[in-house]
Amino acid sequence: MNEAIVALVRFFRGSALLGSTPLVENQTLLQHAEDAGVEIPSNCTSGTCGSCMVTLLSGEIPLPEDLPPGLDDEFLIEQQARLSCIGIPSTSVDIELSPPL
């Protein structure tokens, strides 16, 4: 019997898994975090302030064509920074709640 593979969004702090939830198409990371019972600080919910920045450990979260003010630093992008309020995963992802240093 074959079981369907469910894409997951998993949230970590270091090596500790804080929560996970099935991937929902067109849902932001912030919404997935709420579904998983994981709190991510947020303020503007439009990508402007950067307070919801997290680090993408694995998987894909495409960047917007026009980078928002909260993610306009090339170094942060190279370090896999993503804004959870506007980031929409397209595959299973593992997320570190801390932003890149």
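# Briefing on a predicted structure

Asp73 is partly exposed, its relative accessible area being 37%, where buried stands for under 20% relative accessible area, exposed for over 50% and partly exposed for what lies in between (1.4 Å probe, protein chains only). The model is a predicted one, in which local features need pLDDT of at least 70 and side-chain atom pairs count only at pLDDT 80 or more, while totals for chains, interfaces and linings use all residues. Residues are numbered from 1 along each chain as its sequence is written, and side-chain values use heavy atoms, with hydrogens and water left out.

- Asp73 sits in the loop between β3 (53-58) and α2 (74-78), helices (H or I, at least four residues) and strands (E, at least two) being DSSP runs numbered from the N terminus.

**The salt bridge**

- The count comes to one salt bridge, the term standing for a side-chain nitrogen of Lys or Arg within 4 Å of a carboxyl oxygen of Asp or Glu.
- Asp94 and Arg10 are joined by a salt bridge between their side chains, at 2.8 Å from N to O.
- This pair links distant parts of the chain, since Asp94 belongs to strand β5 (residues 93-96) and Arg10 to strand β1 (residues 8-13), 84 residues apart.
- Asp94 counts as buried at 16% relative accessibility, whereas Arg10 is partly exposed with a relative accessible area of 30%.

**Cysteines**

- The structure holds zero disulfides, a disulfide being a pair of cysteine sulfur atoms within 2.5 Å.
- Cys52 is in no disulfide, and the nearest cysteine sulfur, which belongs to Cys85, is 3.6 Å away; that distance is too far for a bond.
- Cys52 is buried, with a relative accessible area of 3%, and Cys85 is buried too, with a relative accessible area of 9%.

**Loop residues with positive phi**

- Asn26, found in the loop between β2 (16-22) and α1 (29-36), has a phi near 65 degrees, a positive value in a residue other than glycine.
- At 61% relative accessibility, Asn26 counts as exposed.
- Gln80, placed in the loop between α2 and β4 (81-83), has a phi near 70 degrees, again a positive value in a residue other than glycine.
- Gln80 is partly exposed, with a relative accessible area of 33%.

**Pairs separated along the chain**

- Val54 lies in strand β3 and is buried, with a relative accessible area of 0%.
- From Val54 to Ala81 there are 27 residues in sequence but 5.7 Å in space, taken from C-alpha to C-alpha.
- Phe75, a residue of helix α2, counts as partly exposed at 40% relative accessibility.
- Phe75 and Pro100 are 25 residues apart along the chain, and their C-alpha atoms are separated by 9.2 Å.
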